[in-house]
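Dear colleague,

I am handing over a structure that is new to you, and below it I have set out what was found. Please have the display open while you read.

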Amino acid sequence: MLRSSQPLTGPNRKRCREDEMLLGTVLDEGERGFIIDTRSAQAAKQARMTGGGTEPKSSYPQWRRLHRPLERGRPLQESFIKLVEACNDTSINMDRWLSRLESCRWLSHVKAALSTACLAAQCMDREEASVLVHGTEGTDTTLLVTALAQVILDPSCRTLVGFQGLLEREWIEAGHPFHLRCARSAYSHARLKQEAPLFLLFLDCVWQLSRQFPFSLEFSECLLLTLFDNAYASAYGTFLCNSEKERCLCKVKEKTHSLWAWLNQPGEKKKYLNPLYSHNALVIWPSVEPQSIQLWQGLFFRWIRSSQYLDEAWAEIQRLVEGN
């Protein structure tokens, strides 16, 4: 699996021999690969007017391009805001609540992200083909798809340590602009142009996987909630800045503590483990049917609904597992 930004073909359909040679070396003679573009075909075509574009078939004959559009900007942020507002409005009846849940389209974004990740995983697992994923800059929906596909395919990414490594590799080092995307959250009256909950969408998709495969992920919902909190407001430097270059310039590693170091302390680590975990070497294929995608109540209702009984149940499960 590869990831990149869009090719800069521009309106004059410029070629880049180095790019063509690089992708050519990935495939042996007779092999084919898939390019999953997270933009619509129309958006990719329009990008040529501003210097971007797509891979021309004539220059990449062994690669087949598939468009799977995913929202990454203002529409996604507005969807998040509408969902949070609906979840905090306790005055509406059930019919009105379900209508608002549908109209905010958050679950549609979750479904689209999981579907695209499954497509990438299927190309690799069932077609045994190489896959290149990109959108525009390659730092938003691209990372969403590549990271989810690895959780689906690779059992090591479903362990606590492996998942941390995945986040470090696919989100932090790959340059997701956390500072711009997670500047204020859904509760702010400001509507910042660059804000978008891509990382939250990823965490929500992972939660969907954990719910459908409760024995296959070593970490629990508590870890996902902690990651969400620290992406927006943290005492640690792990999610600071917009790129690895910025973190080096600001000397983040020298001046701050790592979230991973804190999470991996023996006393803390125990809080984030799933007591039901059993190693599963198989690929986990999630269902994306409407009845299979559920609202993440542990996050979106966490401030208006007590989790006391659920927490007590998990503690009892952990006690029973340790007793055996």
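In which helix is the place of Ser79? The place of Ser79 is in helix H3, which covers residues 74-87. Please keep in mind from the outset that this is a predicted model. Ser79 has a relative accessibility of 3%, and because values under 20% count as buried, Ser79 is classed as buried. Leaving aside neighbours within four places in sequence, Ser79 is in contact with Cys104, Arg105, Trp106 and His109.

The sheet comes next. Four strands form an open sheet, in the order E1-E4-E2-E3, and their pairing is parallel. The edge strands are E1 (2-4) and E3 (63-67), each of which pairs on one side only. Averaged over this sheet, and with direction ignored, neighbouring strands are turned by 20 degrees against each other. Strand E2, made up of residues 33-37, pairs with E3 in the parallel sense over five bridges, and Ile35 stands opposite Arg65 in E3. Helix H5 (residues 106-125) packs on the sheet, where it touches E2, E3 and strand E4 (130-134), and the direction of H5 makes about 170 degrees with that of E2.

H5 also packs against helix H6 (residues 141-153), at an angle of about 60 degrees and with the two axes 8 Å apart. H5 and H6 are therefore oblique to each other, and their crossing is right-handed. On the H5 side the contact is made by Ala113, Thr116, Ala117, Cys118, Ala120, Ala121, Met124 and Asp125, while H6 contributes Leu144, Val145, Leu148, Ala149, Ile152 and Leu153. Sorted by class, the residues in the contact of H5 with H6 are 12 nonpolar, one polar and one charged.

A second pair of helices is H7 (residues 160-172) and H9 (residues 198-212), which pack at an angle of about 150 degrees with their axes 13 Å apart. Because angles over 145 degrees count as roughly antiparallel, H7 is described as roughly antiparallel to H9. H7 passes H9 in a right-handed crossing, and the contact is made by Phe163, Leu166, Leu167 and Trp171 of H7 together with Leu198, Phe199, Phe202 and Val206 of H9. The residues of this contact of H7 with H9 divide into eight nonpolar, no polar and no charged.

Gln164, which is found in helix H7, is buried, with a relative accessible area of 6%; neighbours within four places in sequence left aside, Gln164 is in contact with Trp260, Leu263 and Asn264.

Not counting residues up to four places away in sequence, Pro11 touches Arg48, Met49 and Gly51. Pro11 and Lys45 are 34 residues apart in sequence, and their C-alpha atoms are 9.3 Å apart in space.

With kind regards

Terms used. Residues are numbered from 1 along each chain as its sequence is written. This is a predicted model: local features need pLDDT of at least 70, side-chain atom pairs count only at pLDDT 80 or more; totals for chains, interfaces and linings use all residues. Side-chain values use heavy atoms; hydrogens and water are left out. Two strands pair if DSSP finds at least two bridges between them. Helices (H or I, at least four residues) and strands (E, at least two) are DSSP runs, numbered from the N terminus. Axes are lines fitted to C-alpha atoms, for helices over the stretch in contact, and angles run from 0 to 180 degrees between N-to-C directions. Contact means heavy atoms within 4.5 Å. Angles under 35 degrees count as roughly parallel, over 145 as roughly antiparallel, 65 to 115 as roughly perpendicular and the rest as oblique. A crossing is left-handed if the near helix is turned anticlockwise from the far one by less than a right angle, and right-handed if clockwise. Ala, Val, Leu, Ile, Met, Phe, Trp, Tyr, Cys and Pro count as nonpolar, Asp, Glu, Lys and Arg as charged, and the others, Gly among them, as polar. Buried means under 20% relative accessible area, exposed over 50%, partly exposed in between (1.4 Å probe, protein chains only).
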